[in-house]
Amino acid sequence: MSGVRVERLGPAETSLVADRIAEAFMALDAPRWLVPDEGRRQSVLAGQFAILVDHAMRHGLVYATADRAGVAVWFPSVGDPAPPPEDYDARLAAACGQWTDRFAHLDKLFETHHPHADHHHLAFLAVAPQRQGQGLGSVLLRHHHAVLDAEGVPGYLEAASEMGRDLYARHGYRVAEPFHLPDGTPFWPMWREPAR
């Protein structure tokens with residue numbers, strides 16, 4: 001996979017990135033609790049992800065493989081924190097409708113378990129379903145890990161599946177005790193120290 005090019009994206013590709021994440025995340029357990037209506041699940045997820053990807057375009061780093069099959073969204077949390085997304089509550093309600101409270105619950109859960117030490121937070125790593133298992137996620141991880149290692153900055157993420165947890169472990173992340181949604185769905189907080 002060394003021939004795969006990674007590019008930093010700009011705001012014009014916000015919808016593409018949000019749609020790619022929603023498509024990839026449909027196979028996970030958490031979205032079934034967040035949006036019980038299977039027919040509306042992907043569009044609601046894409047709407048909520050668009051808020052966060054838009055925020056990352058301004059205050060974070062959004063990368064994709066050149067063919068846009070894989071995307072990664074990082075938020076640096078070093079020094080002064082970034083402001084919250086503009087008009088977040090209203091935008092969340094518009095995107096999530098009757099399930100807004102569930103997304104707000106997830107936000108609170110993530111906030112409660114988020115570390116305070118300086119780090120970069122991998123909010124999303126997503127690969128198109130038909131391209132999964134081909135190493136694109138690893139390419140995206142290695143791309144930003146090179147930056148983290150050069151700057152001596154740790155990485156943090158919440159793995160939403162056992163497969164994701166195992167992938168991140170292979171890339172140097174240490175797993176902590178999981179926390180859970182009300183239906184028991186786990187998230188594994190994971191931390192990576194920079195390579196010396």
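**Helix contacts in a predicted model**

Colleague: Is the crossing of α1 and α3 left-handed or right-handed?
Modeller: This is a predicted model. Helix α1 covers residues 14-25 and helix α3 covers residues 38-59. The crossing of these two, α1 and α3, is right-handed.

Colleague: At roughly what angle do the axes of α1 and α3 cross, and how is α1 placed relative to α3?
Modeller: The axes of α1 and α3 come within 8 Å. They cross at roughly 135 degrees. An angle over 145 would count as roughly antiparallel, and 65 to 115 as roughly perpendicular.

Colleague: How do the residues of the contact of α1 with α3 divide into nonpolar, polar and charged?
Modeller: On the α1 side, the residues include Val-17, Ile-21 and Phe-25. On the α3 side, they include Leu-45, Phe-49 and Val-53. Charged residues take part too, among them Asp-19 of α1 and Asp-54 of α3. The division is 11 nonpolar, 2 polar and 3 charged.

Colleague: Phe-25 and Phe-49 form an aromatic pair; is it stacked or edge-to-face?
Modeller: The count for the model comes to 8 aromatic pairs. In the pair of Phe-25 and Phe-49, the ring centres are 5.6 Å apart and the planes are at 80 degrees. Planes over 60 degrees apart meet the cut-off. The pair is therefore edge-to-face.

Colleague: How many residues apart in sequence are the parts that this pair ties together?
Modeller: Phe-25 lies in helix α1. Phe-49 lies in helix α3, so the pair ties together parts whose separation in sequence is 24 residues.

Colleague: Which term describes α3 relative to α4?
Modeller: The axes of α3 and α4 come within 8 Å and cross at roughly 155 degrees. Val-44, Ile-51 and Leu-52 of α3 are among the contact residues, as are Arg-91 and Ala-95 of α4. By class, the contact has 7 nonpolar, 2 polar and 2 charged residues. The cut-off is over 145, so α3 and α4 are roughly antiparallel.

Colleague: How many nonpolar residues does the contact of α4 with α5 have?
Modeller: The axes of α4 (residues 88-96) and α5 (residues 100-113) come within 9 Å and cross at roughly 130 degrees. The two helices are therefore oblique to each other. Beside 1 polar and 1 charged residue, the nonpolar count is 6.

Colleague: Which UniProt annotation covers residues 61-195?
Modeller: Over this stretch the chain is 36% helix and 28% strand. Its end C-alpha atoms are 20 Å apart. The unreviewed UniProt entry annotates it as "domain: N-acetyltransferase".

Notes. Residues are numbered from 1 along each chain as its sequence is written. This is a predicted model: local features need pLDDT of at least 70, side-chain atom pairs count only at pLDDT 80 or more; totals for chains, interfaces and linings use all residues. Side-chain values use heavy atoms; hydrogens and water are left out. UniProt positions are given in the numbering used here, feature names are shortened, and annotations may be inferred rather than shown by experiment. Helices (H or I, at least four residues) and strands (E, at least two) are DSSP runs, numbered from the N terminus. Axes are lines fitted to C-alpha atoms, for helices over the stretch in contact, and angles run from 0 to 180 degrees between N-to-C directions. A crossing is left-handed if the near helix is turned anticlockwise from the far one by less than a right angle, and right-handed if clockwise. Contact means heavy atoms within 4.5 Å. Rings of Phe, Tyr and Trp (its six-membered ring) pair if their centres lie within 6.5 Å; planes under 30 degrees apart count as stacked, over 60 as edge-to-face and the rest as tilted. Angles under 35 degrees count as roughly parallel, over 145 as roughly antiparallel, 65 to 115 as roughly perpendicular and the rest as oblique.
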